[in-house]
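I opened a new page to note what I looked up in this structure, one topic at a time. The entries follow the display.

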Amino acid sequence: MKALEILYFNSFREVVKAVHSTLDINEVLKMLVKKITKVMKVKGCAIRLLDINKRTLELVSFYGLSERYIGKGSVDADRCMAEAMKGKTVCISNVRKDPRVQYQEEAIEEGIYGIVSVPLTIKKRVIGVLRLYTKKSRIFSKADISFIEALAEIGAIAIENARMHESIKKDYENMMSDIYGFFGYRRSI
């Protein structure tokens with residue numbers, strides 16, 4: 001096995017272990033964006049989830065990017081992420097020349113040259129995107145893209161598991177409140 005393949009395999013295993021070890025989605029996503037940034041040797045990485053009502057992608061985790069850049073605002077899902085929101089990985093090789101980049105000036109000021117957007121998909125439904133940011137021109141190999149897509153799939157599963165856990169927990173708490181209320185007990189959950 002080549003050194004890069006070993007690195008990808010070990011990194012993938014670490015992410016899978018993290019997903020299996022906790023339902024704390026913030027912990028998993030922080031580890032994911034940090035791991036991707038370091039393994040892929042890119043400037044930074046971010047995960048944005050779709051707000052269905054607003055049709056925006058809201059930031060949930062990032063690494064390697066400044067607070068100033070991250071605070072620029074939400075991303076319009078239909079404008080710069082239309083292809084990724086349809087389930088396709090998008091590689092922007094030069095943010096200065098690509099009209100799909102919503103915050104072009106801010107990206108240039110941040111020192112971003114390229115962006116790779118990978119859809120986070122659950123059962124053929126895109127729930128957000130994982131984005132990599134490069135400092136210079138870079139062509140990602142097929143193996144690089146496959147690795148990033150695999151980590152995005154694991155990230156999507158972790159997000160869905162955490163959402164289901166929270167929903168079940170909330171349902172349980174509501175049910176217990178109803179039961180205690182029915183029998184006249186006061187209980188804070």
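Entry 1. Terms first, for the charged residue I began with. I call a residue buried when its relative accessible area is under 20%. I count a salt bridge when a side-chain nitrogen of Lys or Arg is within 4 Å of a carboxyl oxygen of Asp or Glu. The model I am reading is predicted.

Entry 2. I looked up D144, which lies in helix α6, residues 142–182. Which side chain of opposite charge is nearest to D144? I found R138, 4.2 Å away. With a limit of 4 Å for a salt bridge, D144 is buried yet has none. I then listed the contacts of D144, leaving aside neighbours within four places in sequence: L4, Y8, M40 and R138.

Entry 3. How many salt bridges does a search of the whole structure find? I noted 7. I took some of the pairs in turn.

The side chains of K35 and E14 meet in a salt bridge, 2.7 Å from N to O. K35 lies in helix α2 (residues 25–40) and E14 in helix α1 (residues 3–21), so this pair ties together parts that are 21 residues apart in sequence. K35 is buried, with a relative accessible area of 19%. E14 is partly exposed, at 39%.

K43 and E110 form another salt bridge, at 3.8 Å from N to O. I placed K43 in the loop between α2 and β1 and E110 in helix α5 (residues 104–110), so the pair ties together parts that are 67 residues apart in sequence. K43 is buried at 18% relative accessible area, and E110 is buried at 15%.

E160 forms a salt bridge with R125, and their closest N and O atoms are 3.8 Å apart. This pair links distant parts of the chain, with E160 in helix α6 and R125 in strand β6 (residues 125–134), 35 residues apart. E160 is buried, with 18% relative accessible area. R125 counts as partly exposed, at 42%.

I also wrote down a network: E83, K88, D98 and R100 are joined into one by salt bridges that share partners.

Entry 4. I went back to helix α2. At 1.5 Å a residue, the 16 residues of α2 should span 22 Å, and the C-alpha atoms at its ends are 22 Å apart, so the two values agree. Which residues of α2 are buried? I listed V28, L29, L32, V33, K35, I36, T37, V39 and M40. The elements covering these buried residues include α1, β1, β2 (56–63), β6 and α6. Just after α2, I noted that K41 takes a positive phi of about 55°.

Entry 5. Last, I checked the cysteines. A disulfide is a covalent bond between the sulfur atoms of two cysteines. A search of the whole structure finds 0 disulfides. The cut-off I used is 2.5 Å.

Key
Residues are numbered from 1 along each chain as its sequence is written. This is a predicted model: local features need pLDDT of at least 70, side-chain atom pairs count only at pLDDT 80 or more; totals for chains, interfaces and linings use all residues. Side-chain values use heavy atoms; hydrogens and water are left out. Helices (H or I, at least four residues) and strands (E, at least two) are DSSP runs, numbered from the N terminus. Buried means under 20% relative accessible area, exposed over 50%, partly exposed in between (1.4 Å probe, protein chains only). Lys and Arg count as positive and Asp and Glu as negative; His and the chain ends are not counted. Contact means heavy atoms within 4.5 Å. The expected span of a helix is 1.5 Å times one less than its number of residues.
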